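Let's take a friendly walk through a protein model. Have a look at the sequence and the 3D view below, and then read on.

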There are 2 protein chains.
Amino acid sequence: MELERPYLLFLGDVHDQLAAKVADGLYYWRPEWCVGQFRLPGCQADVGAPDLTIGQAREKGAKTLVVAVANAGGFLAPTWIPVIIEAINAGMHIASGLHVRLGSVPEIAEAARAKGVNLHDVRHSDRTFATGKGAVRAGRRLLTVGTDCSVGKKYTALSLERAMRGRGFKADFLATGQTGIFISGRGIAMDAVVGDFISGAAEWLTPSADPDHWDVVEGQGSLFHPSFAAVTLGLLHGVQPDAFVVCHEPTRRNMRGVTAPIPSISDVIHLVTVMGRVTNPAIRCVGLSVNTQHLEEKEALTYLRRLTNEHNLPAIDPVRFSSDPIVDRIEREFGEAA
Amino acid sequence: MELERPYLLFLGDVHDQLAAKVADGLYYWRPEWCVGQFRLPGCQADVGAPDLTIGQAREKGAKTLVVAVANAGGFLAPTWIPVIIEAINAGMHIASGLHVRLGSVPEIAEAARAKGVNLHDVRHSDRTFATGKGAVRAGRRLLTVGTDCSVGKKYTALSLERAMRGRGFKADFLATGQTGIFISGRGIAMDAVVGDFISGAAEWLTPSADPDHWDVVEGQGSLFHPSFAAVTLGLLHGVQPDAFVVCHEPTRRNMRGVTAPIPSISDVIHLVTVMGRVTNPAIRCVGLSVNTQHLEEKEALTYLRRLTNEHNLPAIDPVRFSSDPIVDRIEREFGEAA
């Protein structure tokens with residue numbers, strides 16, 4: 001992937017902040033790559049970047065319009081097409097992490113051809129994968145899992161990569177979704193892989209490595225989510241993690257986009273352990289990562305302390321506080337960096 | 001799908017009988033549709049149909065060559081291509097359930113164009129699906145699950161459809177794999193669906209129906225199989241079965257194609273129940289279906305009796321004996337046909 005930077009983040013007319021999580025993630029982890037955001041009337045999200053028109057963004061040097069939106073089904077709303085065409089006509093490349101390919105919209109394909117700009121569909125890989133083998137591979141792997149979608153699995157993995165590298169670990173964040181691919185410049189959008197090859201793609205993403213190397217893999221969905229658990233399980237089996245971290249959002253009442261209730265943290269630890277043993281009998285939970293943004297700071301600290309006691313595991317918020325307690329636990333369980 | 005019949009079954013040069021399960025299934029359930037089989041030198045499988053050359057098959061009226069082979073990855077072996085070209089040149093249509101599309105092989109595409117015959121890739125659907133919703137739907141659903149791949153999930157579902165219809169139930173077999181699609185003329189190859197849409201495709205396959213209607217759904221893979229569990233779980237969540245039957249092959253030692261051990265029947269019942277509750281809290285096991293072909297008859301009966309006592313569930317072999325005990329159980333748990 002060679003996306004030309006800087007970016008203009010396109011948020012469309014999404015109805016809540018979570019739907020703008022691609023833009024949020026990109027702006028949080030790579031603010032220096034983003035000149036601003038473009039929002040349609042009615043847009044309920046705001047990543048905090050300057051609101052710019054296409055013309056203003058071009059003046060600030062924007063090279064690529066990133067369709068930085070996540071929606072169930074990954075479709076392209078008809079209201080977004082004129083903006084994309086305008087950006088193309090202003091000479092910008094377009095990058096999207098949606099399921100639908102940019103080039104499948106005839107007007108977009110034609111405008112891009114006429115202007116000679118590139119259309120990047122980062123969710124799609126033209127690579128073919130083998131089926132998963134389940135064979136043991138060298139190297140260490142950590143996977144973030146969740147009680148739900150959109151609870152901080154990517155942030156937790158990126159934060160752990162940073163903290164582990166800070167202590168001298170060989171650790172690499174591995175993206176499994178569109179935003180992570182935008183942030184790290186590589187990865188596989190696991191939810192776009194054909195069913196038979198999901199665990200095989202996860203094995204390809206996390207190949208045999210030095211015994212002291214850590215892959216820190218961004219998880220997807222939740223084993224308890226009625227829409228997306230298939231991807232979650234294929235990823236778990238393929239990554240064969242030695243360690244996992246459960247991510248949670250304590251104010252959520254239902255699974256994202258459906259009416260199913262949120263499972264308990266204990267249920268997630270239990271089920272991930274049982275299912276993870278299929279490819280790694282030694283799998284274990286090394287921590288809990290909570291998105292406490294909707295709690296007061298004191299409330300958040302009390303909640304994390306309670307979880308730590310309840311589960312005998314470090315409980316952190318990697319954005320608000322620090323990931324160090326989980327790295328401490330990793331050092332205790334697997335040894336410090338050499 | 002409008003495949004022209006009768007078929008010539010192409011077995012290639014597969015190394016064991018299980019790899020010919022597409023041909024086996026088609027010939028077992030629809031012998032009247034098959035004029036014979038074509039095997040390459042070294043082929044270790046035999047479905048019991050007459051061995052015919054392409055010319056002989058044409059003389060017997062064969063209209064379509066069915067590439068009736070299952071391999072991990074669903075690829076087309078180079079040694080098969082000349083046979084497919086020969087069949088095309090003899091005027092036959094080609095149907096395949098492999099992942100790879102027939103038309104992606106230039107020689108095949110060109111020969112088909114030249115002769116004006118059709119290439120059918122039954123594993124691929126051009127339909128787009130929504131993501132799964134997990135909402136409760138009217139009607140009853142039964143899913144066959146397995147301790148492994150290739151243990152009789154399709155045979156069990158077809159046999160239950162037949163037995164349930166025999167007692168006046170409104171029951172329909174629903175195919176989720178290539179062979180089932182060849183046999184029933186409809187269905188979705190779940191393992192070819194993109195990860196994000198697996199449970200949504202399963203919901204589409206088993207829509208809201210009359211309260212007394214039973215969908216009898218062919219299961220796929222196993223929750224414990226390191227290659228294919230993603231598809232198994234998406235199917236389980238999407239079908240939201242009221243009832244499931246565990247299929248098992250008692251002489252198998254390792255999961256098909258990998259080194260992982262076979263899980264116990266109890267582990268499968270437990271895990272399917274736990275995970276199935278995500279979309280149907282009332283899910284329950286109504287029977288065990290065993291492929292006893294590698295046991296002597298007396299041994300098989302003893303084994304089934306032991307399982308029945310151990311699990312307090314009817315244990316049957318639908319091919320060798322009868323599916324009636326499971327239909328008895330369904331009547332007891334859910335009521336007889338109206």
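## A word before we start

Two strands count as paired if DSSP finds at least two bridges between them. Keep in mind as you read that this is a predicted model.

## The sheet in chain B

Let's begin with the strands. Chain B has an open sheet of five strands, arranged in the order β2-β1-β3-β4-β5, and their pairing is parallel. At the edges stand β2 (34–39) and β5 (119–121) of chain B; each has a single partner strand, so one side of each is left without a neighbour in the sheet. On average, neighbouring strands of this sheet are turned by 20° against each other, direction ignored.

What holds a sheet together? Its strands pair through backbone hydrogen bonds, either parallel or antiparallel. For one pair up close, take β1 (residues 7–12) and β3 (residues 64–67) of chain B: they run parallel and are joined by four bridges. Here Leu9(B) has Val66(B) in β3(B) standing opposite.

## Helices across the strands

Helix α1 (residues 21–29) of chain B lies across β1, β2 and β3 of chain B, and runs at about 150° to β1(B).

Helix α3 (residues 81–89) of chain B lies across β1, β2, β3 and β4 (93–96) of chain B. The angle between α3(B) and β4(B) is about 140°.

## Two chains, one relation

How is chain A superposed on chain B? A rotation of 180° does it, with 0.0 Å of shift along its axis and an RMSD of 0.0 Å. That is the relation of a two-fold axis. The same surface serves both copies, as 100% of the contact residues of chain A recur in chain B.

Methods
Residues are numbered from 1 along each chain as its sequence is written. Chains are lettered from A and ligands numbered from 1 in the order in which they are written. This is a predicted model: local features need pLDDT of at least 70, side-chain atom pairs count only at pLDDT 80 or more; totals for chains, interfaces and linings use all residues. Helices (H or I, at least four residues) and strands (E, at least two) are DSSP runs, numbered from the N terminus. Axes are lines fitted to C-alpha atoms, for helices over the stretch in contact, and angles run from 0 to 180 degrees between N-to-C directions. Two residues are in contact if their C-beta atoms, placed from the backbone, lie within 7 Å. Copies are superposed by least squares on the C-alpha atoms of residues with pLDDT of at least 70 in both.
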